[in-house]
Amino acid sequence: MSYKESDFGAKDGIKEIIIKLNDGSENTIYGNEFLWNAYRGTTVTHYLLESILISLEKYLIEIAQFEVPENKLLKSIINHLLASTNSSAIYSVLTSAFIAYAKAFGDSILPVLKVREFYEWDTHRATREHSASAIYDQEISYAQKEKGEFNRLPHRIKYQRGLREFLLHYQINGGLLNKELQIIFDDFYEKCDKEDIFWEKAITEMDIRKYKASIVDKEKGVFQLEVNYPDPVYDAVQTFTEENKNDNLSMHYSHLLRQAKKKKSKISFDEWETIFNHFSSDEIENTMWDSPVTLSVLGLDLFSSELNRPQKEYCVKTIIEALKQVIKEANDRGSFSMQYGFNILEKQLTIESIHLLYEFKNEIIDENELDVLIVYLLTSHLADHEIRGFQKYYRNTFSKKFPQKANELIVILIKYAKFHIENRLNHYGSEQEIKQYREKQFSFIENSILESELPEISSLTFDSHEAHFLNNSLLLIVSNTNNEFFQNYILKMCELILVDLKLENNYSYSRSRKSRKINHTNLVDLRFYFNEILLFNEVSISKTLTDRLCHPILENDFKLNHNLKDLYEFISGIFNTTVTRLDDIINEDNEVERYRNQFWELWKYLFEKVKTSENSFFVKEILLDVNENYWSIKSNSWKGFVHNKIQYKEFVDYFKSKSLPHIISVFSSFGEKVFLPSGVNLIVTNLKDDESSHKSLDSKNAVKLTQVLFNNHIQEIKENQSLIEDFVYILNKMIDLDYCEAYLIRECVITYKKSA
């Protein structure tokens with residue numbers, strides 16, 4: 001069954017549109033805002049469809065960017081797409097490429113510009129550009145960078161109203177299609193209903209003929225364009241302007257509140273109260289520019305002792321009402337027809353203000369009612385970036401202020417993971433079916449709040465419990481927890497995740513029992529979470545977690561192949577990011593000695609495990625040669641080595657020649673001042689032990705090492721014959737590998753050897 005014939009298409013309001021092509025023929029297509037926005041990834045579509053559309057747009061832009069007026073290849077592709085497709089998703093891609101490089105399209109784009117719906121849909125596309133994301137791709141390393149760069153193309157946000165605004169600029173700059181556009185606009189005027197003021201206004205604002213120029217500064221040659229509306233539209237605009245005086249004041253107040261929230265400016269209680277009187281007044285109509293949640297958060301956070309009872313009630317109830325609307329919106333599949341009951345710019349602030357509500361529990365709101373609301377929030381379908389921000393807030397702020405309540409809510413979410421598996425909601429079921437589910441869901445949440453029994457951790461599986469909710473529960477737990485239940489839960493989740501990563505990744509929306517349950521976009525968050533457990537939790541728990549992480553690799557006859565690539569990269573990524581997290585702690589200068597000692601005790605433990613297994617996994621991680629995707633250390637004299645240089649050399653001595661590419665990387669960067677120049681002897685000793693290891697010098701890091709040695713350490717090297725000989729040995733081997741940089745440096749160093 002096709003999308004247009006499905007319940008999804010009917011619910012999403014799909015339209016049938018007749019396209020009049022340039023050759024006189026017609027093509028019927030189907031579209032809505034979901035399909036129009038599919039190539040931007042701002043609506044719910046299949047990743048495959050999104051990827052195909054992105055690839056098409058990139059291909060069209062690559063051809064169009066030279067803006068050759070008679071680009072026959074581009075025009076043939078455009079004509080084929082216009083005539084062959086039945087989806088507005090293709091038309092939206094053509095529109096985007098046209099906005100980027102209009103000159104190359106010529107008149108081939110005219111069929112697109114004759115459709116009213118496309119202007120409206122592209123306006124919504126433009127307003128959603130801020131939410132276009134570049135998701136980390138576990139399979140394709142460069143995908144995130146590629147998508148990020150594509151999101152930043154200038155034409156994405158240059159025109160705030162999309163195609164409508166672009167066409168005005170196009171005409172002003174002498175577009176080749178100005179006459180044809182005027183014919184299209186005249187047709188729009190003729191067919192426009194007299195009552196359809198907003199569409200007539202939109203046409204007028206696109207039509208350059210409706211503008212007049214007035215001089216602003218004659219000497220500087222500055223002028224402005226003003227649109228000359230027809231009388232009915234002008235009257236409507238004037239009425240709108242008068243009615244929206246209040247909007248301007250709301251915008252001003254909202255700006256003051258945002259600046260205060262970001263701590264870029266201070267706000268006094270008198271100023272806060274003035275804004276409160278404006279936003280809370282029954283005589284002033286609420287506007288989309290109001291920021292009532294920001295007002296409420298600042299009031300409760302900064303002035304709680306000065307607020308009177310009505311002001312406190314307003315603040316608490318405002319956050320609660322916004323929270324309800326956020327939950328409703330999150331569970332609504334992002335329908336374009338939905339009217340937001342809150343300021344969308346305050347969404348993240350709303351969900352990250354629940355600690356303020358608990359400060360007034362039972363004074364203004366019943367605690368049980370608040371618990372129910374927060375559980376609904378925890379089980380709602382927030383976007384990945386919203387969940388990520390909320391999880392950090394929950395661990396760092398909410399859990400510190402209300403540790404017991406935070407733990408209780410996490411336990412309920414773990415229980416809900418089982419309820420969700422056993423009680424699936426059919427979003428397209430009858431009203432009665434949905435009502436029955438909602439009643440059952442509410443009853444479960446209420447009962448879970450009242451009961452204190454902990455779930456049995458040993459029985460948890462991704463088959464019996466929804467993996468999404470188990471994963472979210474995990475990421476809500478503070479990393480330094482000393483709660484035995486949560487410590488065991490962390491270890492159990494690690495075990496389940498590792499087992500899950502052995503399964504085949506299923507890219508469809510169906511989830512069979514034998515397919516992977518953990519979304520690959522969550523793996524980055526899990527890496528960073530587990531590295532915090534290793535550093536911040538009790539050493540005994542950190543070592544047990546290390547055992548769990550190493551078990552699939554070291555305890556079995558593990559062979560790294562394509563099917564197990566994700567598993568190995570996930571585990572090694574945790575160890576990689578543990579090093580960078582230690583570097584963050586060093587830069588923050590926060591209990592450095594404590595966490596450095598724990599790190600090296602743990603690294604010694606990891607080394608002994610690898611040593612006992614008699615294999616070479618995790619050599620790179622043990623020697624701190626972490627992947628560049630994770631590495632962020634800029635220092636050439638890293639404080640992480642303090643008191644632990646001998647232990648590091650112990651690692652190198654055991655791995656011998658296998659350590660070479662890694663110590664070359666470390667010595668040439670953050671380990672420079674700790675290990676050089678004496679480290680040259682260590683490198684050469686291992687090079688001579690294994691002739692095949694000379695290939696480790698065939699790298700950018702080796703080139704950097706020779707440059708660092710010559711530029712920063714030559715004074716000390718030339719005083720030591722052993723160092724000179726070993727440095728020349730390295731340079732000779734690199735010359736054999738055709739590195740001209742090594743030749744130039746050797747010609748300078750060799751003179752010291754001769755004079756020695």
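In strand 2, N27 is the bridge partner of I19. That pair belongs to a set of six bridges holding strand 1 (residues 15-20) against strand 2 (residues 26-31), and the two strands run antiparallel. Keep in mind as you look around that this is a predicted model. The points below start with this hairpin and then visit a second hairpin, a helix, some cysteines and a few backbone spots.

**Two hairpins**

- Strand 1 and strand 2 form a hairpin, with five residues between them.
- The turn of that hairpin contains G24, whose phi is positive, at about 95 degrees.
- Another hairpin is built from strand 3 and strand 4, with four residues between them.
- In its turn you will find G221, which has a positive phi of about 70 degrees.
- Strand 3 covers residues 211-217 and strand 4 covers residues 222-227; they are antiparallel and joined by six bridges.

- Which residues make the nonpolar surface patch of about 420 Å²? They are I172, I215, F223 and L225.
- Is F223 buried or exposed? F223 has a relative accessible area of 53%, and because the cut-off for exposed is over 50%, this residue counts as exposed.

- Helix 5 runs over residues 88-100, which makes 13 residues.
- From its first C-alpha to its last, helix 5 reaches 19 Å, close to the 18 Å expected at 1.5 Å a residue.
- Why is helix 5 described as largely enclosed by the rest of the structure? The reason is that 12 of its 13 residues are buried.
- Among the buried residues of helix 5 are S88, Y91, L94, T95 and F98.

**Cysteines without a disulfide**

- A disulfide is a covalent bond between the sulfur atoms of two cysteines.
- How many disulfides does this model have? The count comes to zero.
- Take C550 as an example: the nearest cysteine sulfur belongs to C494 and is 9.7 Å away, whereas a disulfide needs two sulfur atoms within 2.5 Å.
- C550 is buried, because its relative accessibility is 0% and buried means under 20%.
- C315 is also at 0% relative accessibility, so it counts as buried.

**Backbone spots worth a second look**

- Most residues other than glycine have a negative phi, and most peptide bonds are trans.
- K263 is not a glycine, yet its phi is positive, at about 65 degrees.
- You can find K263 in the loop between helix 15 (245-261) and helix 16 (269-280), and this lysine is exposed, with a relative accessible area of 74%.
- N362 is another residue other than glycine with a positive phi, near 70 degrees.
- The loop that holds N362 lies between helix 20 (354-358) and helix 21 (367-378), and N362 counts as exposed at 54% relative accessibility.
- Where is the cis peptide bond with an omega of about 5 degrees? This bond joins L676 and P677.
- P677 is in the loop between helix 34 (672-675) and helix 35 (679-689).

Key: Residues are numbered from 1 along each chain as its sequence is written. This is a predicted model: local features need pLDDT of at least 70, side-chain atom pairs count only at pLDDT 80 or more; totals for chains, interfaces and linings use all residues. Side-chain values use heavy atoms; hydrogens and water are left out. Buried means under 20% relative accessible area, exposed over 50%, partly exposed in between (1.4 Å probe, protein chains only). Two strands pair if DSSP finds at least two bridges between them. Patches are made of residues with over 30% relative accessible area and no salt bridge: like charges are joined within 9 Å, nonpolar side chains (Val, Leu, Ile, Met, Phe, Trp, Tyr) within 5 Å. Accessible areas come from the Shrake-Rupley method with a 1.4 Å probe; for residues, only the protein chains shown count as cover. A salt bridge is a side-chain nitrogen of Lys or Arg within 4 Å of a carboxyl oxygen of Asp or Glu. The expected span of a helix is 1.5 Å times one less than its number of residues.
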